[in-house]
Amino acid sequence: METMKGEVVLNIPSEKAWEMYRNNEILSKINPDLLSAAEYIQGDGAPGSLRLFKLGPAIKNYVKESVEKIEKVETGRSVTYEVIGGDLKEMYDPYRVTFSFIPIEGDNNVNKCIAEWKAEFKVSAPATPPPEKAKDAALQFLKSFDNFQLSY
């Protein structure tokens, strides 16, 4: 299995970033060009829940939607999904993603955190490249948290 990882620094506390990520209504408004809708189609966000992500026009030529099963939740810190349906499932099997929000310690960093995206995957279709586009889109989306939280 291969691994890919990326991170961005957000100018918001990790607790607020976590709250934004776990709330479907807020998540759907952060950057609709990248993610137009998020909804739990089974469960409430606990392990075993199913979450549908409908992706926006900026990446529709790559992935339209993804159904993800929540495997693990470390409250206030990270959530791990396995993609069980959608375009990514056809390209990578398995495809597991973890989003983490890590506080930055120190006097001047109280209101900052590191938002991390990590994917573990196995290419299932010949000539399928590693998920660079998924990584770029995820990091761009996470960076959008900064601008959105000003209006939230």
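Two strands count as paired here if DSSP finds at least two bridges between them, and the strands and helices themselves are DSSP runs, numbered from the N terminus (helices are H or I with at least four residues, strands are E with at least two). Everything below comes from a predicted model, where local features need pLDDT of at least 70, side-chain atom pairs count only at pLDDT 80 or more, and totals for chains, interfaces and linings use all residues. Residues are numbered from 1 along each chain as its sequence is written, and side-chain values use heavy atoms, with hydrogens and water left out.

**View 1. Strand β5 sits between its pairing partners β4 and β6.**
Strand β4 (residues 65-74) pairs with β5 in the antiparallel sense, over 8 bridges. Look for Ile-70, whose bridge partner in β5 is Tyr-81. The two strands make a hairpin with 3 residues between them, and Gly-76 in that turn has a positive phi of about 80°. β5 also runs antiparallel to β6, with 5 bridges joining them; there, Tyr-81 stands opposite Val-97. Strand β5 (residues 78-86) is largely enclosed by the rest of the structure, because 7 of its 9 residues are buried. Buried means under 20% relative accessible area, exposed means over 50%, and partly exposed is in between (1.4 Å probe, protein chains only).

**View 2. Val-83 is a buried residue of strand β5.**
Leaving out residues up to four places away in sequence, Val-83 touches Ser-66, Val-67, Glu-68, Leu-88, Lys-89 and Tyr-95, where a contact means heavy atoms within 4.5 Å. For a sense of scale, Val-83 and Pro-32 are 51 residues apart in sequence and 21 Å apart in space, C-alpha to C-alpha.

**View 3. Strand β3 pairs with both β2 and β4.**
Strand β2 (residues 35-42) and β3 run antiparallel and are joined by 6 bridges. On this side, Ala-38 stands opposite Phe-53 of β3. β3 and β4 are antiparallel too, with 5 bridges, and here Leu-50 stands opposite Lys-69 of β4. β3 is mostly covered, with 5 of its 6 residues buried.

**View 4. Strand β6 holds Ser-100 and Pro-94.**
Ser-100 lies in this strand, which spans residues 92-103. Ser-100 is buried, at a relative accessible area of 7%. Beyond residues up to four places away in sequence, Ser-100 touches Arg-77, Ser-78, Ile-114, Ala-115 and Glu-116.

**View 5. The largest nonpolar core has 44 residues.**
Such a core is a set of buried Ala, Val, Leu, Ile, Met, Phe, Trp, Tyr and Cys residues joined through side-chain atoms within 4.5 Å. Tyr-95, Phe-99, Trp-117 and Phe-145 have the most contacts inside this core. Helix α4 (residues 132-149) gives the largest share of it, 8 residues. In soluble globular proteins, nonpolar side chains tend to be buried together. Setting aside neighbours within four places in sequence, the contacts of Phe-99 include Tyr-21, Val-79, Tyr-81, Trp-117, Ala-138 and Leu-142.

**View 6. The largest cavity has a volume of about 350 Å³.**
Of the 21 residues that line this cavity, the closest to its centre are Leu-55, Glu-68, Phe-99, Ala-134 and Ala-138. The elements giving two or more residues to the lining are β3 (50-55), β4, β6 and α4, and α4 gives the most, with 5 residues. By class, the lining has 18 nonpolar, 1 polar and 2 charged residues; Ala, Val, Leu, Ile, Met, Phe, Trp, Tyr, Cys and Pro count as nonpolar, Asp, Glu, Lys and Arg as charged, and the others, Gly among them, as polar. A cavity is a set of points, on a 1 Å grid over the protein atoms alone, where a 1.4 Å probe fits but cannot get out, and lining residues have an atom within 4 Å of a point. Grid points are joined across faces, edges and corners, and a volume is the space filled by probe spheres set on the points.

**View 7. Ser-144 is in helix α4, and Ala-127 is in the loop between β7 (113-123) and α4.**
Ser-144 counts as buried, at 10% relative accessibility. Not counting residues up to four places away in sequence, Ser-144 touches Ile-30 and Asn-31. Ala-127 counts as exposed, at 83% relative accessibility. Ala-127 has a positive phi of about 65°, although it is not a glycine.

Conventions. On a 1 Å grid over the protein atoms alone, a cavity is a set of points where a 1.4 Å probe fits but cannot get out, and a pocket is an open set with protein on both sides within 12 Å along at least five of seven lines; lining residues have an atom within 4 Å of a point.
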